[in-house]
Amino acid sequence: MSHVTNTPSAVLSLRDWLDRLAASDRLAVAKPGIGLVHEIAAVANRLDGRKASFFPQPDGHHGSVVSGLVSSRAWMAEALGVSQSELVRHFQKAAANPLPLNEIENAPCQAVVHDRDIDILKLMPVPTLNEHDSGPYISAGLMISRDPATGAQNVAILRCQISGPARIGVLILPRHTDLFYRNAEQAGEGLEVALVVGVDPATLLSSQAIVAAGQDELEIAGALAGRPLDVVRCKTNRVLVPAQAEIVIEGRILPQTREPEGPFGEFPQYYGERAHRHVLHVEAVTHREKPIFHTIVGGGLEHLLLGAIPREATILATLQRSFPNVQDVHLALGGVGRYHLYVKLKQTQTGEAKNVLLGAFAAHYDIKHAVVVDTDVDIHDPQEVEWAVATRFQADRDLVVISHSQGSKLDPSTDSGVGAKMGLDATIPLDAPEMKFKRIRVPGQESVDLDAVIVGGSDWREALGR
């Protein structure tokens, strides 16, 4: 099996990444004492996409908080040691060629162990983020669960509400964590889990991989970074966790137990509703010396990009199996990194773009609006895509609408997740005359050396008198 090419410049811990950001003036350090309730989120949002933010001793707590670690595609690519243009394909290769985990005995994440009289809010500074959130949330924690039937692991980022000193409300969606939980519940047991906070960008991104049940996303993290991921076994259960993590919360998701959780500000920039959800009972907390608590502000760039990039990799691979002329895909931030898909297609058959639209909707149920464009359109530039729709699309000829289909339950415009999908074929007809859709251009524009041509200053009168 071929492995991902080693990328020595990939960072291997959250602290390595903080050093990289700080050295390039992309980390803002706040004064001590910033409030945990809304104030941290307010500062992080003001800096979103420009700088990560570090908060020492928030509200007088002994810990520290960081946010905005990967709020740019370029930053994420840099953290993985690849160019931005290679990011999605690098993720594809890593998902297809995972590296086995490297289990070690002693790890930084277990330097300090708390296994009695646990009080989460005393041990770590957990912020309250958006206005109507029901309280403090662990929003950037990797929920690593172990299937009691097979021993396989799954990794996901799930929203986790602090409900008591050692009690956490968890929203579990009907995917692999839910499958493992039902296996445990049927056996009358709690599901062994670890909630891991503060990991390197590769491990953070790997948690969002869309893979088959039983595939441990931590193995993809190793492939993304170019070397097997070091892991250590938890103190109170059999879950393997990243050795370089900042904080590990060990416990079990209780069988036959549901308690109120929510509301919480979600990625569509609306609130996920309050309902009875699963409950995690905390049995131990381990952490590094002077641990750093990572928080993701709901609806911010970090939240959107972490979901978008792995989905793009999966959607691209799915489409290319049936349509090899699909060259690239992009989940636009205007569609919250989930709902609006742009597809670049080198069309060879009349009607092919409409088939690609149907394939896109089947690739992931979250996709609500999709646009297919030609290869001359930059799908990472919303203005370019809008231009293609404006000049190459006619609604009575190029529109595809599919009603009463599965969508995102977090889209408030749907009926409990059931809604419509709309596809726009914004490609040039294959039989169009050459000059009808020829884009204008000025020869030599790209190669002009402006420093050699522009003399400086803005005194046109002086220039006129020369």
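The second largest pocket of this predicted model is lined by 16 residues, of which Asp374, Asp376, Arg392, Ile428 and Phe437 lie nearest its centre. Its volume is about 290 Å³, and its lining comprises seven nonpolar, two polar and seven charged residues. A pocket here is an open set of points on a 1 Å grid over the protein atoms alone, where a 1.4 Å probe fits, with protein on both sides within 12 Å along at least five of seven lines; lining residues have an atom within 4 Å of a point. Volume is the space filled by probe spheres set on the points, which are joined across faces, edges and corners. Ala, Val, Leu, Ile, Met, Phe, Trp, Tyr, Cys and Pro count as nonpolar, Asp, Glu, Lys and Arg as charged, and the others, Gly among them, as polar.

**Largest pocket**
- The largest pocket has a volume of about 1,400 Å³.
- Of its 49 lining residues, Leu171, Leu173, Glu266, Phe267 and Leu410 are the closest to the centre.
- The lining of the largest pocket divides into 20 nonpolar, 17 polar and twelve charged residues.

**Nonpolar cores**
- A nonpolar core is a set of buried Ala, Val, Leu, Ile, Met, Phe, Trp, Tyr and Cys residues joined through side-chain atoms within 4.5 Å; buried means under 20% relative accessible area, exposed over 50% and partly exposed in between (1.4 Å probe, protein chains only).
- The largest such core has 79 residues, and Val196, Val241, Val326 and Leu341 have the most contacts inside it.
- Helix α9 (residues 301-322) contributes seven residues, the largest share of this core; helices (H or I, at least four residues) and strands (E, at least two) are DSSP runs, numbered from the N terminus.
- Another core, of 36 residues, lies apart from it and includes Ala30, Ile34, Met124 and Ile172.

**Backbone geometry**
- Most residues other than glycine have a negative phi, and most peptide bonds are trans.
- Gln256, in the loop between β14 (247-253) and β15, has a positive phi of about 55° and is exposed at 65% relative accessible area.
- Lys290, in the loop between β18 (275-287) and β19 (292-294), has a positive phi near 50° and is exposed at 75% relative accessibility.
- Gly262 and Pro263 are joined by a cis peptide bond, with omega about 0°.

**Basis of the values**
- Residues are numbered from 1 along each chain as its sequence is written, and side-chain values use heavy atoms, without hydrogens and water.
- In this predicted model, local features need pLDDT of at least 70 and side-chain atom pairs count only at pLDDT 80 or more, whereas totals for chains, interfaces and linings use all residues.
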